[in-house]
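Student: I would like to learn how to read a structure like this one, feature by feature. Could we go through it together?

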Amino acid sequence: MQRLVYCKILLATLLNFYGEVGIDCVKVAIRELKQSEVKAASSLLLNVIKGLAAYYTPRDILRNKEDYSPENIERLMRRGGSIFRIATVGGTMAGIAVADLYPSIPSVCWITWIAVKKSYRHKGIGTLLVRSFEIEPARRWDKIQCRVRVGNVISNDMFKKLGYKRIRMLRRKIRMRRVYVWEKPLNR
Ligand SMILES: CC(C)(COP(=O)(O)OP(=O)(O)OC[C@H]1O[C@@H](n2cnc3c(N)ncnc32)[C@H](O)[C@@H]1OP(=O)(O)O)[C@@H](O)C(=O)NCCC(=O)NCCS
């Protein structure tokens, strides 16, 4: 049943990408974050990050807290170069994706964060958020990359399932900070 709903969500979203779509009794929308939602987005993201203490050090968590404070998200939105995209379910913010674009490497879109609220996980929302960067009509990028902590099994599985290839592993001094780099070239 869950898979059926999930397939419908995916199909409907691919067809009506920026619109709101109704699936059974649930409404899911993937859209850009609004200024008025910055506080809620920051708190969703930070709550999810706090839940990753198994492979994020307290220092990592603190750094993310600074990077994604409401003030900093607003600043990043004003500056451009970062994309903040959310998934809403029946009007509630259920997930967020952050992607960064660098002028020096315009062909790459870096997915920096995909975070889904615990109660909404494994229903296809993370997939939809990732896919949204792949099907974006006006995209300038030719490939997507994402770094995922080696210990983050679910996220690594998700990228594998979505057709991403593991192109390298970056080793850091601290074992917990080893990351896999996932990449997917996109068709024009
Ligand atoms: C990783 C995350 C974004 C996935 O979002 P989601 O909406 O739950 O993912 P989906 O429902 O689209 O699932 C996609 C795939 O991920 C894997 N997956 C998701 N939840 C899983 C679970 N509880 N157990 C095992 N695999 C799971 C599966 O491979 C799944 O494919 P399937 O549905 O065919 O089994 C979500 O678990 C999350 O927010 N985790 C914490 C934050 C994080 O680790 N972010 C990634 C760092 S960049």
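Student: How do the residues of the shell around the ligand divide into nonpolar, polar and charged?

Tutor: This is a predicted model, in which local features need pLDDT of at least 70 and side-chain atom pairs count only at pLDDT 80 or more, while totals for chains, interfaces and linings use all residues. Residues are numbered from 1 along each chain as its sequence is written. Ala, Val, Leu, Ile, Met, Phe, Trp, Tyr, Cys and Pro count as nonpolar, Asp, Glu, Lys and Arg as charged, and the others, Gly among them, as polar. The shell around the ligand holds 10 nonpolar, six polar and four charged residues.

Student: Which of the 20 residues around the ligand come nearest?

Tutor: A residue is near a molecule or strand if its C-beta atom, placed from the backbone, lies within 6 Å of it. Those that come nearest to the ligand are Arg121, Gly126, Thr127, Ser155 and Met158.

Student: Which element gives the most to that shell?

Tutor: Helices (H or I, at least four residues) and strands (E, at least two) are DSSP runs, numbered from the N terminus. Here α6 gives the most, with five residues.

Student: At what angle do α2 and α3 pack?

Tutor: Two packed helices are described by the angle between their axes and the distance between the axes. Axes are lines fitted to C-alpha atoms, for helices over the stretch in contact, and angles run from 0 to 180 degrees between N-to-C directions. Helix α2 (residues 38-50) and helix α3 (residues 58-67) pack at about 175°, their axes being 10 Å apart. α2 is therefore roughly antiparallel to α3, a term for angles over 145 degrees. Leu46, Ile49 and Lys50 of α2 make the contact with Ile61, Asn64 and Lys65 of α3, where contact requires C-beta atoms, placed from the backbone, within 7 Å.

Student: What is the mean pLDDT of the protein chain?

Tutor: pLDDT is the predictor's confidence in each residue, from 0 to 100. Its mean for the protein chain is 87, and 84% of the residues reach 70 or more.

Terms used:
Parallel < 35°, antiparallel > 145°, perpendicular 65-115°, else oblique. Contact = placed C-beta atoms within 7 Å.
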